[in-house]
Amino acid sequence: MNNEAIVYSRRDSFRKSVLSNLRANGFIPAVLYGADNDCIPGYVSRKEFEPVFKKKGLAGKVTIIIDNQKKSAIIKDIQKHLTNHQII
């Protein structure tokens, strides 16, 4: 495993306004899937995610911290803005 860990915070709201506020404040909405649990909606910091994504890319194994526990994860899919190509 690597030393670069991404902190994953849970979110309860699915409204578009909440997701827009997250993006405006420097966060990227995300969904965590796994065999041992259902999907967990949340968000990650753009400052933490982008360097790790540039290094690992899609299908890269990363370490996330959720509920104060380290877990391994794979980046399965991302969405980018059409004109400025930022991760949204």
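Author: Some questions and answers follow. This is a predicted model, where local features need pLDDT of at least 70, side-chain atom pairs count only at pLDDT 80 or more, and totals for chains, interfaces and linings use all residues. Residues are numbered from 1 along each chain as its sequence is written, and side-chain values use heavy atoms, with hydrogens and water left out.

Reader: How many salt bridges does a search of the whole structure find?

Author: A salt bridge here is a side-chain nitrogen of Lys or Arg within 4 Å of a carboxyl oxygen of Asp or Glu. On that basis, the search of the whole structure finds three.

Reader: Which residue forms a salt bridge with Asp67?

Author: The closest N and O atoms of the pair are 2.6 Å apart. Asp67 lies in the loop between S5 and S6 and its partner in strand S2 (residues 9-10), so the pair ties together parts that are 57 residues apart in sequence. Strands are DSSP runs (E, at least two residues), and helices are DSSP runs too (H or I, at least four), numbered from the N terminus. The partner is Arg10.

Reader: Is Arg46 buried or exposed?

Author: Arg46 forms a salt bridge with Glu50, and both lie in helix H2, four residues apart. Buried means under 20% relative accessible area, exposed over 50%, partly exposed in between (1.4 Å probe, protein chains only). At 15%, Arg46 is buried.

Reader: What is the phi of His85?

Author: Most residues other than glycine have a negative phi. His85, in the segment after S6, has a positive value, near 60 degrees.
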